[in-house]
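Please examine the sequence and the three-dimensional structure shown here. A set of questions and answers on them is requested.

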Amino acid sequence: MDGNRAKKKGVKKARHELMVKFPTAGIVSNQPITCMDGHSPDGLLLLFLKHHCLRCESSFWYSGGFDEHNEVMHDEEIVCSTCKQVVDHSAVHTLKNKYIFLILVFLLGIPPSLSVPTKPRIFNCQRPKSRRASASSESRPRLATAPPLRLFGSVATMCGIFAYLNYNVGRERRYILEVLLNGLRRLEYRGYDSSGIAIDSDMSSVMQSKSKPYDTAPPVVFRQEGKIESLVTSVYSEVDKLDLDLEKPFLVHAGIAHTRWATHGVPAPRNSHPQSSGEFDEFLVVHNGIITNYEVLKQTLVRHGFTFESDTDTEVIPKLAKFVFDKASDGEGGVTFSQVVMEVMRQLEGAYALIFKSPHYPNELIACKRGSTLLLGVNELGGETSRHLFHDVKALTANDKPKELFFSSDLCAIVEHTKNYAAVEDDEIVHIKDGSVSILKFDYEKEKPASVQRALSVLEMEVEQIKKGDFDHFMKKEIHEQPDSLTTSMRGRLKDGVVGLGGLKDHMRTIRRSRRIIFIGCGTSYHAALAARPIMEELTDIPVTMEIASDMLDRKALIFKEDTAVFVSQSGETADTLLALEYALQHGALCVGVTNTVGSTLARKTHCGVHINAGCEIGVASTKAYTCQIVVMVMMALAIGSDKMSTLAKREAIIAGLTKLPEKVHDVLKLDGEMKALAQSLIDEQSLLMFGRGNNYATALEGALKVKEVALMHSEGMLAGEMKHGPLALVDEYLPIIVIATRDDSFSKQQSVIQQLHARKGRLIVMCSEGDASLVCPDGRSRVIEVPRIVDCLQSIINIIPMQLLAYHLTVLRGYNVDQPRNLAKSVTTQ
Ligand code: F6R
């Protein structure tokens with residue numbers, strides 16, 4: 001071996017070692033480097049390292065080097081490119097993607113944004129005094145040894161993705177279209193500003209005149225702005241124009257679909273998904289999530305001749321797939337679909353669930369995810385016995401039976417087809433090919449992914465849950481379902497006067513010993529926690545503080561190891577709540593989840609928790625989840641405080657109340673007609689105030705939130721104790737004010753609030769306990785809503801129901817969309 005070759009080999013070896021050691025650095029050049037102490041090591045490599053500035057939270061690249069002992073060297077001062085502050089280099093090394101630079105640099109060249117020094121650089125060498133010292137992790141950048149918890153570095157968008165693949169079972173094109181469109185209808189609550197689908201065309205029809213780079217039928221893509229029904233109309237009219245035969249059967253066919261809630265780019269067909277790799281739609285992708293590094297990927301792809309048509313972050317994904325595919329196809333031999341997707345995954349930062357379709361891989365589908373939820377549904381056709389086979393993925397991969405396979409962001413789009421499903425985990429790639437399913441685990445450290453065995457679960461959900469039944473709207477159905485949802489929430493958890501919460505039992509000692517309990521959530525979930533706060537404090541003797549997740553993050557609130565942080569979220573996917581969870585985990589608090597969504601990120605990332613079991617909530621405005629959240633938190637308070645003799649009588653009263661609760665909720669629902677009449681009287685109002693206190697401060701906030709979010713009427717919930725400190729100025733004979741004055745410790749104070757409001761000729765609507773009308777309104781001038789009475793900490797559950805009904809009727813009477821209010825989506829997975 002000559003000297004040159006040996007040197008090259010040495011450099012290659014060093015590079016390899018460095019990449020293993022500092023996996024997220026990008027090797028850019030082997031410029032000579034001199035240390036500040038005059039030591040001039042040989043065989044050096046100049047690297048670009050990505051840093052995260054803890055001050056301004058931006059990331060930036062800077063150059064550094066490694067000496068012959070692979071110790072890091074860098075300038076004495078590292079200055080953040082955004083805030084221009086000197087950063088603490090012992091704490092800034094949080095590189096995100098170990099291969100992104102490698103791949104981009106080796107495949108695409110050096111990004112122009114990074115200038116490679118032409119002159120030798122002098123660095124501050126952290127040369128260890130001895131080899132032993134060099135092993136100290138302190139002297140090295142704190143690079144993650146495992147891939148970072150990516151979900152929390154970025155947040156996903158709200159969207160719904162769906163796919164349908166039929167195998168060995170003939171399905172007409174019309175049927176396939178309907179399955180896809182229906183899947184979107186089920187997911188529409190997740191986003192409703194645009195949508196799209198992709199199916200196969202016929203070899204003889206679309207684009208046959210052009211020389212396409214594959215031999216199979218090209219896909220046809222339909223994308224439309226607006227609700228799913230606009231897509232439906234446009235699909236059928238396009239099908240006519242393209243002369244696609246709707247009755248044509250396919251023994252195997254793979255279709256993908258997407259419903260969007262815009263974040264990057266206005267709602268428009270070009271921004272809708274499937275997003276395409278370009279001409280001939282060689283790769284099509286539907287995406288739920290956000291790609292945080294899309295700009296850098298886009299710049300690179302543009303330099304390699306790609307033209308972008310949309311404003312989305314998603315478009316880089318199919319284009320990257322094509323880029324990887326083309327590069328691989330240039331070399332020797334082909335590349336499999338999963339290899340392409342794996343390379344794409346290496347480049348992506350952010351949170352996502354993706355489904356890929358490609359005419360290069362006809363009748364195959366690939367899905368992968370990091371962060372966003374993704375489920376696989378399996379319906380094997382032809383007999384009960386075969387069902388068992390699906391409890392083993394090996395059997396899935398081996399069997400050739402007719403089947404239908406689905407991918408979906410939510411089980412509610414799968415349940416009408418099958419109850420057999422598996423939740424795809426982060427960094428998994430699910431490949432459907434020839435009717436078999438293989439699951440691969442992507443690992444940054446490894447070239448080859450490991451194969452994963454996954455048994456299917458059986459979905460405990462009935463199709464009725466996702467249908468409106470006799471109700472006009474999901475919101476109405478869900479309000480009226482509350483006696484049942486509350487019963488289900490309590491089922492199996494209340495036995496012989498004792499509360500058992502299996503999900504908490506192993507952590508009960510830690511919770512009881514905690515210095516404080518912090519309730520964290522957003523919107524309605526925050527209100528539910530607020531409603532449960534008084535009883536949590538009363539029964540546990542532990543101080544309870546409240547945090548709105550976004551505010552907690554903005555303030556970087558103090559949180560300690562001795563804290564128990566309770567995260568409340570219906571969806572379990574709310575970005576702010578998940579980021580707050582990440583924050584609390586980093587600070588060592590015990591993290592408890594309260595969620596409606598089995599398998600959600602919240603359920604998976606918390607140390608322990610309780611499912612509220614409210615059933616599928618489809619209306620965007622949360623109703624039954626709210627009341628079930630309160631019940632679960634009341635049960636938590638009972639369980640945590642169960643060792644205290646001093647509160648025994650109260651606990652018994654609450655347990656008695658819980659048993660009666662569904663029946664009382666049933667009774668309060670009879671106010672439906674009365675609330676409709678009240679709504680009629682408020683239909684033209686501009687504004688509505690709600691005053692509550694104690695257990696019912698949350699009721700005022702939540703009632704007002706319901707009115708504003710669906711009825712699009714300004715409404716504010718206020719603490720009655722604060723009335724005289726400002727809001728009283730608003731009071732006149734026109735502004736409607738709802739005062740909650742049901743029986744509890746605050747009753748007499750609320751009576752005095754009512755008197756003060758009367759004295760200012762306030763236009764009052766008073767909610768009181770049954771039989772108290774004359775007490776709260778002696779002169780009979782105000783409108784009164786009488787509700788059934790229950791133990792104080794459960795009264796907020798009863799009291800919110802007339803408010804939910806009021807919001808519902810106001811919305812319908814004002815002519816707005818109840819289930820899909822303007823600008824809102826069911827789970828808010830953006831910050
Ligand atoms: C209002 C509503 C929202 C959610 C909030 C948090 O009806 O639904 O305020 O409560 O976006 O969502 P989750 O509970 O999914 O974390």
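Residues are numbered from 1 along each chain as its sequence is written. This is a predicted model, in which local features need pLDDT of at least 70 and side-chain atom pairs count only at pLDDT 80 or more, while totals for chains, interfaces and linings use all residues, and side-chain values use heavy atoms, with hydrogens and water left out.

Q: What percentage of the residues of the protein chain count as buried?
A: The secondary structure of the protein chain comprises 25 helices and 35 strands (DSSP runs numbered from the N terminus: H or I of at least four residues for helices, E of at least two for strands). Buried denotes under 20% relative accessible area, exposed over 50%, and partly exposed in between, with a 1.4 Å probe and protein chains only. Of the 831 residues, the buried share is 59%.

Q: In what order do the five strands of the open sheet lie?
A: Two strands pair if DSSP finds at least two bridges between them. The edge strands, each pairing on one side only, are β32 (714–719) and β35 (783–787). Neighbouring strands are turned by 20° against each other on average, direction ignored. The pairing is parallel, and the order is β32-β31-β33-β34-β35.

Q: Which residue of β35 is the bridge partner of Met767?
A: Strand β34 (residues 763–769) runs parallel to β35 and is joined to β35 by five bridges. In β35, the partner of Met767 is Ile785.

Q: At about what angle does helix α23 run to β33?
A: Axes are lines fitted to C-alpha atoms, for helices over the stretch in contact, and angles run from 0 to 180 degrees between N-to-C directions. Helix α21 (residues 672–682) touches β31, β33, β34 and β35 (contact being heavy atoms within 4.5 Å), and its direction makes about 150° with that of β35. Helix α23 (residues 747–759) lies across β31, β33 and β34, and its angle to β33 is about 160°.

Q: Is His758 buried or exposed?
A: His758 lies in helix α23. Not counting residues up to four places away in sequence, His758 touches Leu764, Asp779, Arg781 and Ser782. Because its relative accessibility is 14%, His758 counts as buried.

Q: Which backbone oxygen does the side chain of Asn596 reach at 2.9 Å?
A: Asn596 lies in the loop between β29 (590–595) and α18 (601–605), and is buried, with a relative accessible area of 13%. Its side chain makes a polar contact with the side chain of Gln570 at 3.0 Å (a pair of N or O atoms within 3.5 Å; within protein, one must be able to donate a hydrogen and the other to accept it, and residues adjacent in sequence count only if both atoms are side-chain atoms). The backbone oxygen reached at 2.9 Å by the side chain of Asn596 belongs to Gly615.

Q: How far is an oxygen atom of the ligand from an N or O atom in the side chain of Glu709?
A: A polar side-chain atom of Ser569 lies 2.5 Å from an oxygen atom of the ligand. For Ser571, a side-chain N or O atom is 2.6 Å from an oxygen atom of the ligand. For Glu709, the corresponding value is 2.4 Å.
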